[in-house]
Amino acid sequence: MDNTNPHTIYAQRRARLAAQLGAGGIAIVPTAPEQPRNRDSDFLFRHDSYFYYLTGFTEPNAWLVLTAEGESTLFCNPKDAEREVWDGLRLGPEAAPDTLGVSAAVSSADLDSRLPKLLENRSAVWYPFATHKTLAGRVNDWLDPVRARVRFGAVCPEQQRDLCGPLDEMRLIKDAHEQDVMRRAAQISARAHIRAMQRSAAMLRAGQDVREYHLDAELLHEFRQQGSQYPAYGSIVAAGANACILHYRADAAPIRDGELVLIDAGCELDGYASDITRTFPANGRFTGPQRTLYDLVLASQEAAVAATRAGARFTDPHDATVAVLAQGLLDVGLLDKNKVGTAQDVIANRSYFPFYMHRTGHWLGMDVHDCGSYVEPGELGQVKERKDALSGEVIKDRPSRILRAGMVLTIEPGLYVRPAEGVPEPFWNIGIRIEDDAIVTDTGCELISRGVPVTADEIEALMRG
């Protein structure tokens, strides 16, 4: 079988999913709805990730129905010469089977009339729960005519099951095609970060007024210039103290000589996200306090990278990061050992939390915070309870996911120092995060986003150019 043909890949995925539906099972997968932005204007359409994973089809108003026997029916917009003048060409049901490799295709206008017939005499109907607000109601509407025919011998599915479970497990391991797309997305994003770094230093050297939106423009330009469809998420371009706001959005704040800039941005290419964060001096030169904290965050990332490999747990990179940060916070004086104790005490009591309040990574794929359980499926029953040192809540810990080759995750430690009593003033308003995208391998991990420099010396050299 030709694995290089993308439509063969989608067919293989449908076959794998069909084999998990059980005898008599049937699955319904819609694409995303179109969303109005304001009067006579919609947001740019973006397909549903589950639907695209199984079809490679990007048009709106489409549905996939898949049976346990492997029969796939695509419901899609019919050809319409008038609408295509306004909205663009449509594939249409006639061309869909040959183009997409599905068994059959039907106009989406026939969805409500066809679904009851497809659901009749099935044992279970699968669909993604909690992803489309009205989907459960529509499924029940389609089942009502089936229930009405029970007295005539029809069988109505007795079970409704969540399709997210098997699909999440499938999507968690990226195949060679997916990894290749994600590498290219990361390369584009790395080039965008380089442009933003260089623009910041060049404008300041020229004595120009630099704003966050100037650097955001560089990101967007490079994303589109290299063929990506759109940003994978709202880009964070945070100057100075704004970098201490985790989900800050690029705005109009000035970028000042002597301050740091944190950029968290990545493009989406052919349905797959990249996610890179770099923190750099606006003028291209780190101050002493900035470099001290930057080198600490980088050391913690290096420890996390070393802990990322097949067979390790998902939490191992985070634990490695926290171990380095805990000792570093004591060494640089952000934490007072006379008050918080040793590095082990800092970890046990979460004394680092005011400076580092997020996890070190997340799954990455079609969604920037991609699907997939963070708990090892075969160890769900192994539960340990503990009381959180800060909140006092009772936390139920389950064994973390075992990393396997082909999983993709981010590695993104940080430090965020806000003005506070007892915090040395030279560190105030410094926010640093360093984030790379990693493909897990048998022997370690492949950092696919290192096309943009990461050490302080490399960043300074780049920004002098």
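Two strands are said to pair if DSSP finds at least two bridges between them, and the strands (E, at least two residues) and helices (H or I, at least four residues) named in these legends are DSSP runs, numbered from the N terminus. This is a predicted model, in which local features need pLDDT of at least 70 and side-chain atom pairs count only at pLDDT 80 or more, while totals for chains, interfaces and linings use all residues. Residues are numbered from 1 along each chain as its sequence is written, and side-chain values use heavy atoms, with hydrogens and water left out.

**The hairpin of β15 and β16.** Strand β15, residues 384-387, pairs with strand β16, residues 394-397, in the antiparallel sense, and four bridges join them. Within this pairing, R386 faces I395 of β16. Six residues lie between the two strands of the hairpin, and in this turn G392 has a positive phi of about 80°.

Strand β4 (residues 63-67) runs antiparallel to β5, to which four bridges connect it, and L64 has L74 of β5 as its bridge partner. The two strands form a hairpin with four residues between them, where G70 in the turn takes a positive phi of about 95°. With strand β6 (residues 104-107), by contrast, β5 pairs in the parallel sense, again over four bridges, and here the bridge partner of L74 is A105 of β6.

**The covered faces of β5.** Strand β5 spans residues 72-76, and five of its five residues are buried, where buried means under 20% relative accessible area, exposed means over 50%, and partly exposed lies in between (1.4 Å probe, protein chains only). In a regular strand, the side chains alternate between the two faces of the sheet. On one side of β5 the buried residues are S72, L74 and C76, and on the other they are T73 and F75, which leaves both faces covered.

**The crossing of helices α5 and α6.** The axes of α5 (residues 111-119) and α6 (residues 135-148) come within 8 Å and cross at roughly 65°; each axis is a line fitted to C-alpha atoms, for helices over the stretch in contact, and angles run from 0 to 180 degrees between N-to-C directions. From α5, the residues L111, D112, L115, P116 and L119 make the contact with R138, W142, L143, P145 and V146 of α6, with contact taken as heavy atoms within 4.5 Å. Of these residues, eight are nonpolar, none is polar and two are charged; Ala, Val, Leu, Ile, Met, Phe, Trp, Tyr, Cys and Pro count as nonpolar, Asp, Glu, Lys and Arg as charged, and the others, Gly among them, as polar.

**Helix α9 and what covers it.** Helix α9 consists of 14 residues, 212-225, and its first and last C-alpha atoms are 20 Å apart, close to the 20 Å expected at 1.5 Å a residue. Its buried residues are E212, H214, L215, D216, E218, L219, E222 and F223. Among the elements that cover these buried residues are α8 (176-205), β10 (236-239), β11 (260-265) and β14 (276-281). Just after α9, G227 has a positive phi of about 95°.

Four bridges hold β10 and β11 in their antiparallel pairing, and V237 has I263 of β11 as its bridge partner. Two bridges join β12 to β13, and the bridge partner of E268 in β13 is A273.

**The surroundings of N429.** N429 sits in the loop between β18 (414-417) and β19 (430-433), and it is partly exposed, with a relative accessible area of 34%. Apart from its neighbours within four places in sequence, N429 is in contact with G240, A241, C244, V417 and P419. Between N429 and P116 there are 60 Å in space, C-alpha to C-alpha, and the two are 313 residues apart in sequence.

Terms used. Expected span 1.5 Å × (residues − 1).
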